[in-house]
Structures are given as C-alpha cells and as structure tokens.
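Here is a short briefing for a first look at this structure. Start with the sequence and the model below.

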Amino acid sequence: MKSFILFATVMVLFLGIGVNTILAAEKGDAAKGKTVYDNYCAACHGPEGKGDGVAAQALDPKPRDLSDAAFTSTVTNEHLYKVIDEGGPAVGLSPLMASWGGMLSEADINDVIAFIRQDVCKCKYEKK
Ligand code: HEC
C-alpha cells in the first residue's frame with residue numbers, strides 16, 4: 001500500500017509536470033496577446049485573423065489569413081517573431097507588413113504569437 005501511494009504520488013507529479021510543459025510551450029500569454037492583436041493587427045488582418053480587416057481592401061498583396069492553419073502551421077514561431085519584429089521585407093515579403101519592433105516589446109510579440117497559435121489558427125508549428 002505504501003509503495004502504491006509513492007507510485008501514485010510520483011505519477012501525479014510526473015503528469016503534472018508534463019501538462020505544465022505542454023501549456024508552457026508558448027512563451028507568451030494569449031489573453032494579453034489578444035489586446036495587442038486588436039490594437040495593432042486587426043485593422044489589416046481582420047478581427048478573426050482572416051486577412052479581411054477594414055484596411056485590407058486597399059492593400060496589395062492582401063494581409064495574410066492567419067486563421068488558415070494550412071499556412072500558419074507551416075511557419076515557426078521564430079519566423080512569426082521575425083516578421084512581426086522586423087516587418088515583411090525581413091522575410092522577403094511586402095513592406096505593407098510593417099515592422100512592429102519599435103512599438104511592441106519582446107513580451108508583446110510573444111503574447112501576440114501565443115494568441116495567433118491558440119485562438120486564431122488554433123494550430124502549432126508542424127514540421128513537414
Ligand atoms: C497595415 C496593414 C497591416 C498591419 C497593421 C499588420 N499587418 Fe501583418 N501583414 C500585412 C500584409 C499586407 C501582409 C502580407 C505580406 C505579403 O504577403 O507580402 C502581412 C503578413 C503578415 C504575416 C505573414 C507572414 C508570412 O510568412 O506570410 C504575419 C505573421 C503577420 N502579418 C502578422 C501581423 C501581426 C501580428 C500584426 C500586428 C502586430 C500585423 N501583422 C499587422 C499587413 C498588415
């Protein structure tokens with residue numbers, strides 16, 4: 001009985017750590033990221049990330065549909081960080097995707113990435 005309790009305790013700890021590691025996979029805080037997104041990104045990328053924000057009509061190329069998991073699961077968080085921090089040209093895209101590094105802190109950018117992953121595309125990076 002004693003050894004069973006020990007075993008159970010170890011399993012609970014082990015599973016607890018496992019779950020925490022999974023939840024902590026994103027560095028950022030998605031709830032805070034939503035505020036960043038609504039303030040700085042939604043005008044172009046749209047309220048749900050579909051690339052249909054109020055300003056999108058006037059843009060060519062169109063803002064990326066970030067809700068499209070078929071796309072968003074193919075790019076790493078490092079890629080997302082670079083585009084958001086340094087702007088489209090840093091990864092060979094249009095300068096219409098501005099660089100936000102001057103306005104957003106590192107934490108803001110990690111938060112917005114967490115929001116994109118958790119609530120916009122509901123996807124993780126999947127290595128192909
Ligand atoms: C002024 C409009 C505008 C705003 C505001 C804007 N974007 Fe973009 N974004 C674009 C456009 C246009 C593209 C597509 C560029 C291209 O395809 O060459 C783009 C592309 C992207 C991409 C795709 C990168 C890729 O590899 O295809 C990401 C990610 C992104 N934006 C995130 C954001 C985030 C996060 C914010 C808010 C911090 C933001 N954008 C704000 C216009 C905007």
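Helix H5 (residues 77-86) packs against helix H6 (residues 106-120) at an angle of about 125°, with the axes 10 Å apart. The model is predicted: local features need pLDDT of at least 70, side-chain atom pairs count only at pLDDT 80 or more, and totals for chains, interfaces and linings use all residues. Residues are numbered from 1 along each chain as its sequence is written.

**The H5–H6 pair**
- H5 and H6 are therefore oblique to each other (angles under 35 degrees are roughly parallel, over 145 roughly antiparallel, 65 to 115 roughly perpendicular, the rest oblique).
- Their crossing is right-handed (the near helix is turned clockwise from the far one by less than a right angle).
- H5 brings Asn 77, Leu 80, Tyr 81, Ile 84 and Asp 85 to the contact, and H6 brings Ile 109, Val 112, Ile 113 and Ile 116 (in contact means C-beta atoms, placed from the backbone, within 7 Å).
- By class, this contact has seven nonpolar, one polar and one charged residues.

**The ligand**
- The ligand is surrounded by 23 residues, and the closest are Cys 41, Cys 44, Leu 93, Ser 94 and Met 97 (a residue is near if its C-beta atom, placed from the backbone, lies within 6 Å).
- Helix H3 (42-45) and H5 are the elements that give two or more residues to this shell.
- The shell has 19 nonpolar, three polar and one charged residues.

**The whole protein**
- The protein has six helices and zero strands (DSSP runs: helices H or I, at least four residues; strands E, at least two).

Methods. Axes fitted to C-alpha atoms, helices over the stretch in contact; angles between N-to-C directions. Contact = placed C-beta atoms within 7 Å. Nonpolar A, V, L, I, M, F, W, Y, C, P; charged D, E, K, R; others polar.
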